[in-house]
Amino acid sequence: MSSIHALLTRSAAGLLFTGLTLAGETAHRTPGNPDVSAKLSEWKIELSKGTVTAGTVTFTVTNAGIIPHAFEVEGQGIEKQTDVIQPGSSATLTLTLKPGTYEVYCPVGEDSHKKLGMETHIKVVGAQGGEPSPKIPSIRVTSGGPVIQILPGPFPFPDSAAPILQQFGDEKEGLESQVKNGPYSNNVTPISGTFTFTAWDKGAVRDSVSGVAEFTTQDGTRWKLVMDRVQTKDVPHHPRFGGVILGLYYHGNTAVHTPLVPTINSAVALWAFGHLYKDGALVTDNSLVHVMLLSRTRRDGDFALDCWNCSKNKIEELQLQVLPGPGEPKFDAPGGFLFVNWEKSTSRTPVS
């Protein structure tokens, strides 16, 4: 897929977003197949119908979001997309579809928008019925290697972050305060603990997670986190996009997340709620949890942040961030949060 920069360049050239038709196909409407409306926004795609009859289908696509998006249909040998659609604008895409299940997504940002939730499916059926449901993607992650606790401190890349912070409007002040004393610092200390979880990427609000983390922080406190449900509310430019996302490229200067972390590739990123215990006593059953198995950002030895673009590094760093739930007091921990990394972790695809 082309990058967001290439897509935005095409849009800046003043291209008109007209309907697309497969080469050699005549655009005619299949009886019983009215147009399918598609609404794009951050970070979801809403289709007016999930099942259509095989034949020619016209998608009328509206960008109801606040940033540019595009619309792509892939499956059964077809991979076609619109040009970039600016906020408030529309485009059409006319395709001849045979029976099967097709992936529908936004390709902007090297598929980052897709992996942030702008993905759904449409089923095309013949006269005799439908297709079987697709297999649910899932991942099993096991912690490994040295364990570190990240404590509050200054962000080590202020010169790199400065130009990006200018783009963040009302949230700029809060992000700038994190540069001075936030959770992405080189103030780290070795600790001990384990973390294992399974996550299922079922799409939209149906994602699921099950896992347990147990660790002892630098002050000797024993913590236990039990994750049992995902968090699905989108919060732009904040580390809680919602749900389970497999295979995500983002952060930093990719235009889809807080700039106060390097650009990375991840095997899984998820946002969840959890039960948090301190020395065996329940602290909250509504803690906010962000987990990533990502490309290494910290070097061996002192575990300092080692790169601004870490996307080419091996995916083995497991990050766990735990924050108080909405309206709850800060944790009795440095900075009021818990941030733990396992540096040599692994993943696999479960059998079922």
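**View A. Strands β6 and β9 side by side.** In this predicted model, strand β6 (residues 72–75) is joined to strand β9 (residues 100–105) by three bridges, and the two run antiparallel. Look for Glu 72 here: its bridge partner in β9 is Tyr 105.

**View B. The five-stranded open sheet.** Zooming out from β6 and β9, we get an open sheet of five strands with mixed pairing, in the order β4-β10-β9-β6-β7. The edges belong to β4 (51–53) and β7 (78–81); each has a single partner strand, so one side of each is left without a neighbour in the sheet. On average, and ignoring direction, neighbouring strands of this sheet are turned by 25 degrees against each other. As a reminder for reading any such view, side chains in a regular strand alternate between the two faces of the sheet.

**View C. Strand β2 and its partners β3 and β5.** Strand β2 (residues 36–41) pairs with β5 (residues 55–63) through five bridges, and here the strands run parallel. Leu 40 stands opposite Asn 63 in β5. The pairing of β2 with β3 (residues 44–47) is antiparallel and uses four bridges. To find your way along it, pick out Ala 38, which stands opposite Leu 47 in β3. β2 and β3 make up a hairpin, with two residues between them.

**View D. Leu 93 in strand β8.** Leu 93 has its place in β8, the strand that covers residues 90–97. Is this residue buried or exposed? At 0% relative accessibility, Leu 93 counts as buried. Gln 81 makes a handy landmark: its C-alpha atom is separated from that of Leu 93 by 7.3 Å, and the two residues are 12 apart along the chain.

**View E. The disulfide between Cys 307 and Cys 310.** The structure holds one disulfide, and this is where to see it: Cys 307 is joined to Cys 310, with 1.9 Å from S to S. The torsion about that S-S bond is about 115 degrees, so the disulfide is right-handed. Both cysteines, Cys 307 and Cys 310, are buried.

**View F. Phe 155 meets Trp 308.** The count of aromatic pairs in the model comes to seven. One of them is Phe 155 with Trp 308, an edge-to-face pair at 6.2 Å centre to centre, with 70 degrees between the planes. Phe 155 sits in the loop between β12 (147–150) and α3 (158–165), and Trp 308 in the loop between β18 (281–295) and β19 (315–323), so the pair ties together parts that are 153 residues apart in sequence. As for Phe 155, its relative accessible area is 4%, so the residue is buried.

Conventions:
Residues numbered from 1 in each chain as written. Predicted model: local features only at pLDDT ≥ 70, side-chain atom pairs only at ≥ 80, totals over all residues. Heavy atoms only, no water. Pairing = 2+ DSSP bridges. Disulfide = S-S within 2.5 Å. Buried < 20%, exposed > 50% of the residue type's maximum accessible area, 1.4 Å probe, protein only. Axes fitted to C-alpha atoms, helices over the stretch in contact; angles between N-to-C directions. Phe/Tyr/Trp six-rings, centres within 6.5 Å; stacked < 30°, edge-to-face > 60°.
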